[in-house]
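Have your viewer ready and your selection tool at hand. We will go from one chain as a whole, to one residue inside it, to the place where two chains meet.

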Amino acid sequence: MTGVFFETGSLFSGPEPDPAGDAGHPDPPERVGFFTDTSVCIGCKACEVACKEWNAIPEDGLSLTGMSYDNTQGLGASTWRHVAFIEQSAPRRVPGEPPAPDGRTQLPLAEEDPQQPAGDMRWLMSSDVCKHCTHAACLDVCPTGSLFRTEYGTVVVQEDICNGCGYCVPACPYGVIEQRKDDGRAFKCTMCYDRLGAGQEPACAKACPTDSIQFGPLDELRRRAALRVDRLQEAGVPGAQLYGHDPEDGVGGDGAFFLLLDEPEVYGLPPDPVVTTRDLPAMWKHAGAAALSLAAGAVTSFVLPALLRRKGRR
Amino acid sequence: MTGTPARKSERRRKGEQLMVPRAEFDSYYGRPVIKAPAWEPRDIAGYFFTGGLAGAGSVLAAGAQLTGRRTMAKTLKVSSLAAISLSTAALVHDLGRPDRFLNMLRVCKPTSPMSVGSWLLAGYGPMAGAAAASAVTGWLPRAGAAATGAAALLGPAVATYTAVLAADTAVPAWHGAHRELPYLFAASATAAASGMALVTSPTRENAPARGAALLAAAADKAAMTAAERRLGMVAETYRSGRAGKLLRCAQAITVAGAATAGLLGGRSRPAAVAGGLALLTGSALTRFGVFHAGIASAEDPKYTVEPQRRGKE
């Protein structure tokens, strides 16, 4: 713990091997997390349903967006898993062309139009969730201590303490946590804290039919993800990349990370999120200097007229 | 499909002619990446203003008391008490669960500017109250002077911590200006308090308020310019839309108020009052402008994605 403190100068950002221990849990269990491999997501939304069912989350709108098959739209107070659905013109697979029609007559329909290459379209699906950041801004800024770090290294809201100040909402660099309008308090994914305590995996991972959502010890998930992304890249899947896996990133690595097939912003994820607390020492320093300048300005305003008057009298 | 996200991955297919010009950035159907605060502008921007007015007012009140400007000292103490009471009410009102406002004092957490602010208010409020009560009733003058001193010491912190409150978020227009916002808020608070002093005190007492007004207007302009320079493309949110309108008005009114009060306020009472009112209005507009710039920057994903992309590449 002290090692980390001295190496980085602060516990506000940077790599952090033991968030639960640093939060004061003596001898915590292994840190757990989600690895969401979007390359096998089929967009069935079983995770959304399982999450709502298990956590008894209220209904939050039954609208049709018209933008895609995604009518959930995004994470929020009453949506703790959200399946993003993207239809786009696909980049070509890099090595190897599509199999040639061997000995068969090629229909003119399938002929390549140079302007619009055939098969030039794909669907991307990704189940988004709270990232359970190593350095969680929501937790840092919570003034009541309602948000806390569990022994599993996850981040959870204590609903009997939250007073609905709403500070965690703009603090989250991923736009995950939100206040429920009729209730006032903030809600988000708990990584099924109750199920973890009973030795069960979270409801979404349990329900996922393709193992796109994998739950387990974070270190193991990171190893598994590294192998998977290597395999995909070797196979020439364009854009395959890990997101949120790196303990060196702006939030110290996510407890829930992803394998994406395009840039993060395409999925509505920030490309380089930073925990706002990283800059908090600088902010307090500037606020202190500003407070001193305010006082100095006031002193000047009172001293100058006195000096001028004395000069005038002479 | 009309909702197809703007594509950037075209850059992977060099040599091919693009049918549509490449979009500047990608997003998920234009939806915001971060969530804007659900704070009511009247409550929170109003709180930034009243907190500044109270905090800087306490500093000027102490100065007035030390230099024997009795009317100015008394009226500023009263205005500080009124402003801090209003701001506390606004803060409680903005809670999703106002009945749980005491949970703010459940922990003391330096990583949470809101926790720090709650404790600051808990310390400052009673001092401002005691100072005002003693000034109005004339009772316990020594205790009143001590409370005036304590309020003056805490006042600058009350006026500037709100900048950290806004900046310690993922909101691009606030976080990106985290170095400059405290100075802007200090200047704006001083403008408001000097405006209040100009409105409420006689011309023979208002020389320091005139000086403070001129200093504040200059500092306000300098801090805003520095913030915009730092913000780069995100500075658009300070120049366009509702925030742009508010901030342009704020700037004009603040300059006009400081000039009127500074040049004519020493001789003409109506000029001092007019200048003071303009300064108060300018300060309030500045806070609402900064607030709305933040909201605009949170609602458009490009202000989140583009600076992060640029930082990464």
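**Stop 1: chain A as a whole**

Start by colouring chain A by its two parts: domain 1 (2–86 + 120–274) and domain 2 (279–314), with bounds taken from an automatic or database domain assignment. Their C-alpha centres are 47 Å apart. This is a predicted model, in which local features need pLDDT of at least 70 and side-chain atom pairs count only at pLDDT 80 or more, while totals for chains, interfaces and linings use all residues. For your selections, residues are numbered from 1 along each chain as its sequence is written, and chains are lettered from A and ligands numbered from 1 in the order in which they are written.

Switch to cartoon view, and chain A shows 9 helices and 10 strands (DSSP runs numbered from the N terminus: H or I of at least four residues for helices, E of at least two for strands). Of its 314 residues, 45% are buried, meaning that 20 or more other C-beta atoms, placed from the backbone, lie within 10 Å of the residue's own.

**Stop 2: A:Val275**

Now select A:Val275, in the loop between β10 (256–260) and α9 of chain A. Is this residue buried or exposed? A:Val275 counts as buried because it has 27 C-beta neighbours inside 10 Å. Beyond four places in sequence, the contacts of A:Val275 include A:Phe12, A:Cys133, A:His135 and A:Pro173 (a contact being C-beta atoms, placed from the backbone, within 7 Å).

**Stop 3: where chains A and B meet**

Next, show both chains. Their contact takes 68 residues from chain A and 76 from chain B. On the chain B side, α4(B) gives the most, with 8 residues.

Zoom in on helix α9 (residues 280–313) of chain A and helix α4 (residues 141–167) of chain B, which pack at about 150 degrees with axes 9 Å apart. The axes are lines fitted to C-alpha atoms over the stretch in contact, and angles run from 0 to 180 degrees between N-to-C directions. The pair is therefore roughly antiparallel, the word used for angles over 145 degrees.

Finally, show side chains here. Among the residues that meet are A:Met283, A:Trp284 and A:Leu294 from α9(A), and B:Pro156, B:Tyr161 and B:Val164 from α4(B). The residues of this helix contact divide into 14 nonpolar, 1 polar and no charged (Ala, Val, Leu, Ile, Met, Phe, Trp, Tyr, Cys and Pro are nonpolar, Asp, Glu, Lys and Arg charged, and the others, Gly among them, polar).

Note on methods. Angles under 35 degrees count as roughly parallel, over 145 as roughly antiparallel, 65 to 115 as roughly perpendicular and the rest as oblique. Two residues are in contact if their C-beta atoms, placed from the backbone, lie within 7 Å. A residue is buried if 20 or more other C-beta atoms lie within 10 Å of its own, exposed if 12 or fewer, and partly exposed in between; C-beta atoms are placed from the backbone.
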